[in-house]
Amino acid sequence: MGSRNTSVLFFAAIALFLSLHFPSQTEATIPAELVSKVCAQSEIHSYETCVKFLTANPKSLMVSSAKAVAENALDMARRKTTDASCFFAALLEIKDINPASRAAIESCSSLFKQSVTFISLDGLSGGTASLDLHSALDKATLCKSKLSAAHVSIKSVSDKLEEWGNFYSVASAAVYAVENPEP
């Protein structure tokens, strides 16, 4: 019985030590000047929402340069683009979708799948990331047009497109901050 208490006390001491010596995710933050620079360029209406998106990737909490912020934002946008493609593909599994809606949803799945290829870190180092993101935005805009033309009105679709648009906006602003540094 004594060795069990000793083990519990030992692990409690280690946990206390670690919590006191390593910052939590809420304590580790992106430098304020980087957040301000990116969120000022973002089309997201709320500064708090922009910060939320910037810090959605745990790796974002450990960055110290505009390029690292942009890399993490691009990574999140790429993941959200993949998620959107998979989301639309999953909708196609629903059997009772009318043919016009099915064609628009199928097109959106394909368009977002194509967009994944545009969003990469290679563009950031090659100076083409903003163009790559705009190509992805063009695909998303085309998806919205096809959904609208087919009169697809599904809340989860609207929510997915809005979520993607928010991540796109933050990634675009972060890339802009890198590609157009202030003097």
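Analyst: Cys 39 has a relative accessibility of 10%, so this residue counts as buried, the cut-off being under 20%. Keep in mind that this is a predicted model. The partner of Cys 39 is Cys 50, with the two sulfurs 2.1 Å apart. Cys 50 is buried as well, at a relative accessible area of 1%. About the S-S bond of Cys 39 and Cys 50 the torsion is about -90°, so this disulfide is left-handed. In terms of elements, Cys 39 belongs to helix α2 (residues 32-41) and Cys 50 to helix α3, so the bond ties together parts that are 11 residues apart in sequence.

Searching the whole structure turns up 2 disulfides. The other bond runs from Cys 108 to Cys 143, S to S 2.0 Å. Here the angle about the S-S bond is 100°, which makes the link right-handed. Cys 108 sits in helix α5 and Cys 143 in helix α7 (residues 129-149), so this pair ties together parts that are 35 residues apart in sequence. Cys 108 comes out at 0% relative accessibility and counts as buried, and Cys 143 is buried too, with a relative accessible area of 0%. Number the bonded cysteines along the protein chain and the pairing reads 1-2, 3-4. Then there's Cys 86, which at 48% relative accessibility counts as partly exposed.

Phe 53 is in helix α3 (residues 47-54) and Phe 167 in helix α8 (residues 155-179), so the contact ties together parts that are 114 residues apart in sequence. Phe 53 counts as buried at 11% relative accessibility, and Phe 167 does too, at 6%. Phe 53 also has Lys 52 over its face, 5.9 Å from the ring centre.

Helix α5 brings in a ring pair of its own. Phe 112 lies in helix α5 (residues 99-118) and Trp 164 in helix α8, so to speak distant parts of the chain, 52 residues apart. Both of these residues, Phe 112 and Trp 164, are buried. They also belong to one aromatic cluster together with Phe 87, Phe 88 and Tyr 168.

Key. Residues numbered from 1 in each chain as written. Predicted model: local features only at pLDDT ≥ 70, side-chain atom pairs only at ≥ 80, totals over all residues. Heavy atoms only, no water. Helix = DSSP H or I, 4+ residues; strand = E, 2+ residues; numbered from the N terminus. Buried < 20%, exposed > 50% of the residue type's maximum accessible area, 1.4 Å probe, protein only. Phe/Tyr/Trp six-rings, centres within 6.5 Å; stacked < 30°, edge-to-face > 60°. Lys NZ or Arg CZ within 6 Å of the ring centre and 35° of its normal. Disulfide = S-S within 2.5 Å.
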